[in-house]
Amino acid sequence: MGFSSTLSVLLLLVLINLCNNIKRINAFHQVYENLQSQSVELVNHFHRSAFHFQPPKHWINDPNGPLYYKGFYHLFYQYNTKGAVWGNIVWAHSVSKDLVNWEALEHAIYPSKWFDIKGTWSGSITLVPGKGPVILYTGINQNETQMQNYAIPEDPSDPYLRKWIKPDDNPVAMPDYTMNGSDFRDPTTAWLSKDGHWRTLVGSRKKHRGIAYIYRSRDFRHWVKAKHPVHSKESTGMWECPDFFPVSTIDFENGLDLDYAGPNAKHVLKVSLDMTRYEYYTLGKYYPKKDRYVPNGDSPDGWDGLRFDYGNFYASKTFFDYKKNRRILWGWANESDTVEDDISKGWAGLQVIPRTVLLDSSNKKQLVFWPIEEIESLRSSYVRMNNKDIEMGQRLEVKGITPAQADVEVTFNVGSLEKAEPFDTSYTYKPLDLCRVKGSNVTGGVGPFGLITLATPDLEEYTPIFFRVFKDTSTNKPKVLMCSDARPSSLEQDRGPLNQDRMYKPPFAGFVDVDLADGRISLRSLIDHSVIESFGALGKTVITSRVYPVKAVKENAHLYVFNNGTQTVNVESVDAWSMERPLQMNNGAT
Ligand code: DQQ
């Protein structure tokens, strides 16, 4: 056989092998059967995060059942006990007193009974008076049918909630013949309504229509599906991990618990779209008597919907923190590098820094998110810069902190909007397309300006997070684009057999609803080696990126403020801190 035919045969074999190893399943996590049990000891790596929640090794995905109980925050999460790819999923469990330092406990739930033998998937926790915390989760049986189960703590007086029992009278909800048994999962935290019924939502689909079913129960044991779904939307595909909660329209400091039934609230329905791995939410009204949710007309319902986070963020879940009266959001940020790299690192996935969730007081049309205050306890060395004009093409270095592990807040003043470029309305729902065309190096009128993170001084590698201000000529208002662009983040090239296994270096973008009346706009970024969480305009638009520089790492990483617009921009202030590692790092299962 000649060299070229040997090569073709080899390529064919590689291809067949890849097809055999990668199997798509309904939860849309890629399943690499042969890789699931590859366990490595190498867990420390220059891309590993320092202050994000991440177990010492292996794969993690969705946050499950977050809860505050008897002095401890509990976080459960989907975890592969055997490797750095999806598979062998259990509910791993950690506790914390402050949401910063974590202690790992034994796994709470793992496949063991007929109703979950093929999987213990996502779910939530509800505090049920008289019973204590009750988990609702999705179990998969031998025939791959998805069903909802419950689990209770062996000892509800144990603040650690170490041991969980899955009673034999499970499941509590099975798909009926009208439903899709392989897409029926992820029950929400339940709430008690005035009519004495508990209610929970379960995600599903019928063909291409995304669905959230609503179930009712008087005793938390017998659940009955309401006649109609609480909401559904055509062409959105499977709705994973729904989340449904009220936000106050008059109190912009505190969150609301699920049972709030007063007049001054809107409801939020968030769904995670299996088809693309993006989420969207609407604000709307919940009608308890009809068990229907109706999005407000000004909240796009579907692919153009608002997002909790416009970046690498999925399967999110909120909970009400009784200790501080706030609603807190957790979300999973998967890796974007190659599976090969995940395996050699020995880990994949992390949870973003928890964020408070409130209705935006300025327009009441969207939510705002902010990192929990506790994370500020990790701030150490501090630098501040004031009142610096940056002209077109200028960049100012922020020195005196550790740029690869930092928290930075900057306030810009753009001055006049005269030079702002006209906004092309065909981009109204396409911020990402606009960001792709108008990158951080494309000169504009007002902007692009922002932060350059994880950069080499010669900008061989860098991740810019920036704004660009347009003028909407139809409304005469500014239209502000925010981008977090991983395209120049790493010199690492696409690789892997037949380029199947690529590092993913996408730009992410969203619009920021500000009027810039006083010219000011702020940006905060939490930078942690391979994850950058950025909050535009005090959390109106949030973007998480995963990046894997090869040179701009650790002490070789730099941080800058920049402007590439013809309009000079004033940096009113930069406050930047090095971030410490939490003292208690035993934050995950082994
Ligand atoms: N992940 C879980 C499912 C959920 C999906 C399985 C979302 O329950 O629908 O690990 O990432």
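Predicted model: local features only at pLDDT ≥ 70, side-chain atom pairs only at ≥ 80, totals over all residues.
Asn64 counts as buried because its relative accessibility is 0%, where the cut-off for buried is under 20%. The side chain of Asn64 is joined to the side chain of Gln78 by a polar contact of 2.9 Å. If we leave aside residues up to four places away in sequence, Asn64 touches Leu75, Phe76, Tyr77 and Gln78, and also Trp91, Ser122, Gly123 and Lys317.

Let me turn now to the nonpolar cores. The largest one has 56 residues, and the members that touch the most other members are Phe51, Leu201, Phe245, Val268, Phe308 and Leu367. This core draws at least three residues from domain 1, which is 21–47 together with 61–370, and at least three from domain 2, which is 378–580.

Phe308 deserves a moment here: again not counting residues up to four places away in sequence, its contacts include Phe245, Val268, Leu367, Phe369 and Val542, and among them are also Lys270, Glu279 and Arg355.

Finally, a word on cysteines. How many disulfides does the structure hold? The structure holds zero of them, a disulfide being a covalent bond between the sulfur atoms of two cysteines. Cys241 counts as buried because its relative accessibility is 4%, and Cys435, at 0% relative accessibility, therefore counts as buried as well.

Technical notes
Residues numbered from 1 in each chain as written. Heavy atoms only, no water. Core = buried A, V, L, I, M, F, W, Y, C linked by side-chain atoms within 4.5 Å. Buried < 20%, exposed > 50% of the residue type's maximum accessible area, 1.4 Å probe, protein only. Domains from an automatic or database assignment. Contact = heavy atoms within 4.5 Å. Disulfide = S-S within 2.5 Å. Polar contact = N/O pair within 3.5 Å; in protein donor to acceptor, adjacent residues only side chain to side chain.
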